[in-house]
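Dear colleague,

Please find the sequence and the structure below. An account of the findings follows them, and I would be grateful if you read the two side by side.

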Amino acid sequence: MTAPTRRERLRTATLAEIKDAARRLLVTGGVEAVSLRAIARDMGMTAPAIYRYFPSLEALVVALAGDLYDELRREIEAARDAAGADPGDQLVEMCRAMRRWAVGHPAEFTLIFGSPAPGLREFADQCVDPGHPGARFGAVFLTPFVALTRGARLPTPPAELLQQRLGGHLAPLAAKHGDLPIQVAYAFLSAWTRLYGLVAMEVFGHLGWAVDRPEALFETELGTLLAQFRSADPSPDGVPRH
């Protein structure tokens with residue numbers, strides 16, 4: 001493999017510096033504070049010079065969002081790898097890692113999980129591609145979840161009812177992660193929305209009316225979910241009922 005040229009190294013370093021400057025503005029002032037003019041001022045460049053690296057502000061925000069998804073995914077993968085081989089233990093530590101990152105990086109969490117900023121709606125729509133940073137992030141959670149639920153009678157509505165209500169509407173999930181038994185798909189989405197909802201409410205400051213320590217509620221919900229799946233009776237033939 002040919003080593004990058006000096007010009008290529010300089011370009012890579014400048015791209016990273018621009019995204020770092022955009023992230024600092026995001027953290028200090030929200031997405032509204034991110035502008036090519038402000039980044040250029042911070043870097044001692046002219047605004048037109050930045051167009052040699054990003055064709056628009058929207059393109060820069062999309063690139064930053066992709067980096068943030070990758071950063072969060074690496075945090076979660078590290079937590080998974082440190083948890084050992086049990087998929088339930090892995091999921092617990094992965095969920096905790098996500099919450100820690102979200103609470104520690106509220107502006108970054110808002111960018112990738114809040115209302116789409118300019119350019120990010122199209123970026124979100126592209127998540128059907130398995131190589132999309134958001135899809136790679138989701139796949140990290142799905143793998144141990146499928147292992148945990150394999151061969152179990154899941155605490156879900158009957159497969160026939162789920163098929164009737166959801167059977168024609170899970171194509172995006174299948175496109176990213178392959179076909180799953182409908183009870184597994186539903187259980188995964190149900191668990192994800194419950195835990196993500198708690199994290200989002202904490203980050204956005206919407207739990208203070210009910211609890212003075214949101215982590216306690218998160219840990220309770222996480223433990224309840226894991227207990228549901230760990231206690232699911234294995235089916236006689238080792239195949240989920242669907």
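A salt bridge is taken here as a side-chain nitrogen of Lys or Arg within 4 Å of a carboxyl oxygen of Asp or Glu. The model is a predicted one, in which local features need pLDDT of at least 70 and side-chain atom pairs count only at pLDDT 80 or more, while totals for chains, interfaces and linings use all residues. Residues are numbered from 1 along each chain as its sequence is written, and side-chain values use heavy atoms, with hydrogens and water left out.

Salt bridges

The structure holds 12 salt bridges. In one of them Arg213 pairs with Glu215, the closest N and O atoms being 3.6 Å apart. For accessibility, buried means under 20% relative accessible area, exposed over 50%, and partly exposed in between, with a 1.4 Å probe and protein chains only. Arg213 is partly exposed at 48%, and Glu215 is partly exposed at 29%.

Asp70 and Arg73 both lie in helix α4, 3 residues apart, about one turn of the helix. An α-helix has 3.6 residues a turn, so residues three or four places apart point the same way. Asp70 is buried, with 14% relative accessibility, and Arg73 is buried, with 15%. Asp70 also forms a salt bridge with Arg136, where the closest N and O atoms are 2.8 Å apart. Because Asp70 lies in helix α4 and Arg136 in helix α8, this pair ties together parts that are 66 residues apart in sequence. Arg136 counts as partly exposed, at 29% relative accessibility.

Nonpolar cores

A nonpolar core is a set of buried Ala, Val, Leu, Ile, Met, Phe, Trp, Tyr and Cys residues joined through side-chain atoms within 4.5 Å. The largest has 63 residues, and those with the most contacts inside it are Ile39, Ile76, Phe109, Leu111 and Phe141. Apart from it lies another core, of 6 residues, including Ala159, Leu162, Leu170 and Ala185. Contact means heavy atoms within 4.5 Å. Leaving aside residues up to four places away in sequence, Leu111 touches Leu26, Val31, Val61, Leu64, Ala65, Leu68, Ala117 and Leu120.

Leu111 is also one of the buried residues of α6, together with Ala107, Glu108, Phe109, Ile112 and Phe113. As 6 of the 8 residues of α6 are buried, the helix is largely enclosed by the rest of the structure. Its buried residues pack against α1 (6–29), α4, α5, α7, α8 and α11.

Leu36 lies in helix α2 (residues 36–43) and is buried, with a relative accessible area of 7%. Beyond residues up to four places away in sequence, Leu36 touches Ile50, Tyr51, Ser56, Leu57 and Leu60.

Pocket and cavity

On a 1 Å grid over the protein atoms alone, a cavity is a set of points where a 1.4 Å probe fits but cannot get out; a pocket is an open set with protein on both sides within 12 Å along at least five of seven lines; lining residues have an atom within 4 Å of a point. Grid points are joined across faces, edges and corners, and a volume is the space filled by probe spheres set on the points.

The largest pocket holds about 670 Å³ of space. Its lining has 30 residues, of which Tyr69, Phe113, Cys127, Gly134 and Trp192 are the closest to its centre. Two or more lining residues come from each of α4 (57–82), α6 (106–113), α7 (120–125), α8 (133–149), α10 (171–177) and α11 (182–203). By class, with Ala, Val, Leu, Ile, Met, Phe, Trp, Tyr, Cys and Pro as nonpolar, Asp, Glu, Lys and Arg as charged, and the others, Gly among them, as polar, this lining divides into 21 nonpolar, 7 polar and 2 charged residues.

The count of cavities of 30 Å³ or more comes to 1, and the largest cavity has a volume of about 230 Å³. Of its 18 lining residues, Leu91, Cys95, Ala191, Leu195 and Leu222 lie nearest the centre. The largest share of that lining, 6 residues, comes from α11. The lining has 18 nonpolar, no polar and no charged residues.

With kind regards

Technical notes: Helix = DSSP H or I, 4+ residues; strand = E, 2+ residues; numbered from the N terminus.
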